[in-house]
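Me: I am new to this structure and would like to understand the words used for it. Could you walk me through them?

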Amino acid sequence: MCSSDLVLLAAAQAADELQVKQYEGATECEDGDRVKPGDQLGMHYTGTIDASSKSGTPGKQFDSSRGRGVFDTKIGVGQVIPGWDQGLIGLCKGAKATLHRVLNDTKVNAQTKAKLLEASMAKAVEKRAAHLATVQAKAEAVCAKAAAVVAKSKAVTEGTDKETADAKAALYDKLVRAESARLFALKAKYEEFQKTRPMPMRASTQGGTTGARKTAQEVREEDMQLGPPPVMGQALDPNGPKAIHRNILQATISLLPTDRMPCYASCPALVARAAGATQQPGQAATERACQKKVTQEGPNMWRCLNGHVCQNPTFRYLCKMQVMDHTECLEVNVFDAVAKQFFGVEADAYTRIYEDPSLEAQLQQIHKRVLWRRQLFRLRAQKEVWQDVERVRYHVDDVSSVAFVKDGREMLKEVKAALATGQN
Ligand SMILES: [Zn+2]
């Protein structure tokens, strides 16, 4: 008997490759404590579609024993799915491991592409054949005309048909052969293309709020697979889970906490810009504002954590909002540039209005502008450790209004493409 904890990452088709990563428990043990085919095992497992899956819903958990009790099975005898059946063999009692089944997605896609190419090639060849038939008919007509002319002249001179027939055959041959050569060249070109070039993929744009959308629930489920936050100076494991997920979400801002001002006083002192950092408009290429939080130490005297002292801090937005769609709510963090788009005023102006009780109506007006608007959010999800607890933190990197007409066209295009290829 073996109590092991198993995280199973898989998708829906035939297996190509299996990776077993043990992350807890003993790796050395007595032979009797090592799993072998035919053993009766008890374990917990969680099965999730990998983020790289093209056929399944990435990040989707499709099964788990958690909350149901330990799962008992005989291993290595085909009672569980391939991969799981092989991946446990050799592990020690109490081991926890991630089984990652890399599936045949790319091969399946290549086959589909090859079929589509074959079909389009057949169509083109057919078209050329039809064209060839027309050319043949034309050649026949030309030859008949030539024959008539030759026959006429022959009839006049010698009265024989031999040369007429030869001339006709020669002209016919020449025309048909020219067309055939073109047809074969075209066929060869298609075959070459089929071998070396993949089918053009649907263009995907980076950045902005274009691209495939997910529901809040899908986003959250996918983000359960996020790896730990990256450690400074430590290389990322390219085979490990992603540290950042980016998703487009169409949602409504459902809550704007107003118990705290959504702005902070920041340090306006200029500091050297880190290499590779993005430059804000109106700033020198080599300098940027410090932007650290400042605290007031006296009238017209503020100091930041870096020790800069200023008379007038710059206010910047730093707010939490709750966004929701028909599936779930998410708490998101919004920084200055994006928040400005929501509030419609600079953080300095917002602060003045917020702090002046006589401007309450104006403040309500601004909040009204933010709340209950349907928007497209580009979300960045990252794990962070807060008071020893890991949690996922969301940032809004970009926002734009929903373009319903453009959306409709995109969806129609997808429906048409699906119909054309006979897939669903
Ligand atoms: Zn500073």
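Me: Where is Trp372 found?

Reply: Trp372 is found in the loop between α7 and β17 (374-386). Helices (H or I, at least four residues) and strands (E, at least two) are DSSP runs, numbered from the N terminus. Residues, too, are numbered from 1 along each chain as its sequence is written. This is a predicted model, where local features need pLDDT of at least 70, side-chain atom pairs count only at pLDDT 80 or more, and totals for chains, interfaces and linings use all residues.

Me: What makes Asp388 exposed?

Reply: The count for Asp388 is 5 other C-beta atoms within 10 Å, so Asp388 is exposed as well. Asp388 is found in the loop between β17 and β18, and its phi is near 70 degrees, a positive value in a residue other than glycine.

Me: How do you know that the buried residues of α5 line one face of the helix?

Reply: In helix α5 (residues 336-343), the buried residues are Val338, Ala339, Phe342 and Phe343. Seen down the axis of α5, they fall within an arc of 130 degrees (taken from the directions from the helix axis to the C-beta atoms), so they line one face. As a general rule, an α-helix has 3.6 residues a turn, so residues three or four places apart point the same way.

Me: Which residues touch the most other members of the largest nonpolar core?

Reply: Among its 33 residues, these are Val323, Val332, Val334, Ala339, Phe377 and Leu379. A nonpolar core is a set of buried Ala, Val, Leu, Ile, Met, Phe, Trp, Tyr and Cys residues joined through C-beta atoms within 7 Å. The largest share of this core, five residues, comes from β15.

Me: Why do β12 and β13 count as paired strands?

Reply: Two strands pair if DSSP finds at least two bridges between them. β12 and β13 (residues 301-304) have four bridges in the antiparallel sense, so they pass that cut-off. Within this pair, Val294 stands opposite Cys304 in β13. Together with β14, they form an open sheet in the order β12-β13-β14.

Key. Buried ≥ 20, exposed ≤ 12 C-beta atoms within 10 Å, placed from the backbone.
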